[in-house]
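Please look over the model shown here before reading on. The report covers backbone geometry, strands and helix packing.

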Amino acid sequence: MLNERFSSDFCHQIYDLAKKNPTKNHIQHHPNSPRVLIIQNLEDADHVMRKNADNYYKNSKWLSQVVGNSRLTDDGEAWKFRQSLSQTVFAKYDADRAFHVSSIHGRNIAKHLAGQPSKSILDEASIHQGMMAIFAQMFLEIEFSDLPMAHDSASKLIELASAYAFTPPGKAMDLADKEHIRAILQLRKTTFDALNRLRVSPSHKSPLLQKMLDAETSGNVDFSFEKELTTLFNAGTDTTSYTLGWGLHILAKQTDLQERLHQAISQLYHQHAHDSQALQTAICQNPLLRGFVAELLRLYPPLPFVSRLALAKDYLSDIEVQPNDVVIISLVGVNHKALQRKDPWVADIDAAIQDGFGMGTGTVSSFVWGKRVCGGRSFALVNLTTVLSELIMQLKLEASSNEQIVYEWVGQMRRKGGQRVRVIAR
């Protein structure tokens with residue numbers, strides 16, 4: 001097995017490739033394992049993700065073996081069935097309610113962070129708790145206090161699973177680390193047992209909960225309510241939580257940008273203080289804030305790479321793909337528009353606005369694209385933008401250290417040891 005350390009080092013490697021060999025694809029050879037193709041060319045990435053997507057299946061055995069099959073791991077007909085359950089809920093969410101709920105919890109997060117001015121490490125657990133509360137209210141229609149599990153239970157289970165993310169296809173997991181396996185089994189039982197209580201309480205089930213419970217008796221696929229919900233928590237909460245942490249890191253390092261955004265957003269809140277609908281429109285469509293979100297997702301996509309498994313021979317611009325090749329799309333590398341800038345590794349919202357928010361930008365690529373596009377993309381952007389606006393308006397962010405970033409792969413990309421950000425109330 002390619003070990004956990006390799007997984008985290010791989011995050012560093014794709015950044016190095018993007019900086020040293022931008023837009024160029026790369027082939028890795030590993031003894032007794034399939035080739036690994038790292039794709040940075042946008043056109044080739046589009047071929048894999050959209051034009052010939054049926055030839056490239058999800059390479060997610062590492063996750064399904066620990067958490068079980070779900071919309072995140074399945075492909076083919078099983079994926080289509082799972083998508084049909086949740087997509088209508090995610091796609092037809094109430095945007096007004098999303099803004100309202102996100103605003104409330106954004107203010108709560110800001111208040112909590114501001115109460116810790118002496119801390120030199122950002123309290124990302126508080127951010128995650130707030131984002132979990134938003135997801136629970138929006139899609140489960142329950143309050144955070146009624147969740148029958150710790151806010152980070154699902155996250156920790158995915159983190160344990162991520163140690164196997166680079167297990168070569170067709171090979172079994174390395175069971176030598178008995179303590180790791182024991183931790184997985186114990187946490188999985190605890191998490192699934194806790195989620196099982198949602199079968200009974202609340203008595204009124206949200207459309208998403210009811211659809212998943214009904215799916216268990218449909219007979220169409222091997223479906224488990226607890227397994228599906230665990231991965232939906234990961235997709236709907238962990239991604240935005242880590243993204244917010246990276247966003248506050250950028251603002252703490254680029255203080256001029258922070259002040260520019262603070263002034264612009266404060267003016268919007270003041271101007272539309274008594275008109276929530278106008279405020280919602282102003283925040284979600286503000287070009288500076290949209291530009292910042294695009295840059296944030298370009299520089300620090302929560303999933304910096306997407307792994308696929310080639311089913312049959314295919315041809316990319318400079319590579320002949322072989323069956324069983326592991327094809328990894330570097331979401332850091334495909335954003336080649338940044339190469340036209342003086343320093344593409346610094347957030348530049350003016351350049352982002354000029355580039356637009358289409359193909360090859362963080363706003364699109366970080367959610368994947370093609371038929372397997374993230375189903376919650378629209379909600380995630382409203383959620384992320386709204387919470388960011390509250391944090392930028394209410395907090396002053398300072399870099400507490402100039403330490404070099406060390407990436408850590410836990411099923412998402414986070415900063416090892418936490419973000420070195422000090423938070424002060426304005």
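The sections below go through selected local features of this model.

## Basis of the model

The model is predicted, so local features need pLDDT of at least 70 and side-chain atom pairs count only at pLDDT 80 or more, while totals for chains, interfaces and linings use all residues. Residues are numbered from 1 along each chain as its sequence is written, and side-chain values use heavy atoms, with hydrogens and water left out.

Helices (H or I, at least four residues) and strands (E, at least two) are DSSP runs, numbered from the N terminus.

## Backbone geometry

Most residues other than glycine have a negative phi, and most peptide bonds are trans. The bond from S201 to P202 is cis, with omega near 5 degrees. P202 sits in the loop between α8 (178-196) and α9 (207-215).

T23 is not a glycine, yet has a positive phi of about 70 degrees. Its place is the loop between α1 (4-20) and β1 (26-28). V368 is likewise not a glycine and has a positive phi of about 65 degrees; this residue belongs to the loop between α15 (362-365) and α16 (377-394).

For accessibility, buried means under 20% relative accessible area, exposed over 50%, and partly exposed in between (1.4 Å probe, protein chains only). T23 has a relative accessible area of 24% and is therefore partly exposed. V368, at 12%, is buried.

Two strands pair if DSSP finds at least two bridges between them. β1 and β2 pair in the antiparallel sense over three bridges, and H26 has I38 of β2 as its bridge partner. Strand β7 (residues 326-330) runs parallel to β2, and four bridges join them. In this pair, L37 stands opposite V327 of β7.

## Packing of α13 against α16

Two packed helices are described by the angle between their axes and the distance between the axes. Axes are lines fitted to C-alpha atoms, for helices over the stretch in contact, and angles run from 0 to 180 degrees between N-to-C directions. The axes of α13 (residues 287-299) and α16 come within 11 Å and cross at roughly 110 degrees. α13 is therefore roughly perpendicular to α16 (65 to 115 degrees counts as roughly perpendicular, under 35 as roughly parallel, over 145 as roughly antiparallel and the rest as oblique).

Contact means heavy atoms within 4.5 Å. On the α13 side the contact is made by L289, F292, V293, L296 and L297, and on the α16 side by L381, L384, T385, L388, S389 and I392. These residues divide into nine nonpolar, two polar and no charged (Ala, Val, Leu, Ile, Met, Phe, Trp, Tyr, Cys and Pro count as nonpolar, Asp, Glu, Lys and Arg as charged, and the others, Gly among them, as polar).

## I265 in helix α11

I265 is found in helix α11 (residues 255-271) and counts as buried at 1% relative accessibility. Leaving aside neighbours within four places in sequence, I265 is in contact with I283, L289, S389, I392 and M393. I265 and L289 are 24 residues apart in sequence, and their C-alpha atoms are 8.2 Å apart in space.

## Helix α7

Seven of the nine residues of α7 (residues 153-161) are buried, so this helix is largely enclosed by the rest of the structure. The buried residues are S153, A154, S155, L157, I158, L160 and A161. Their cover includes α3 (61-67), α6 (124-140), α8 and α10 (225-253).
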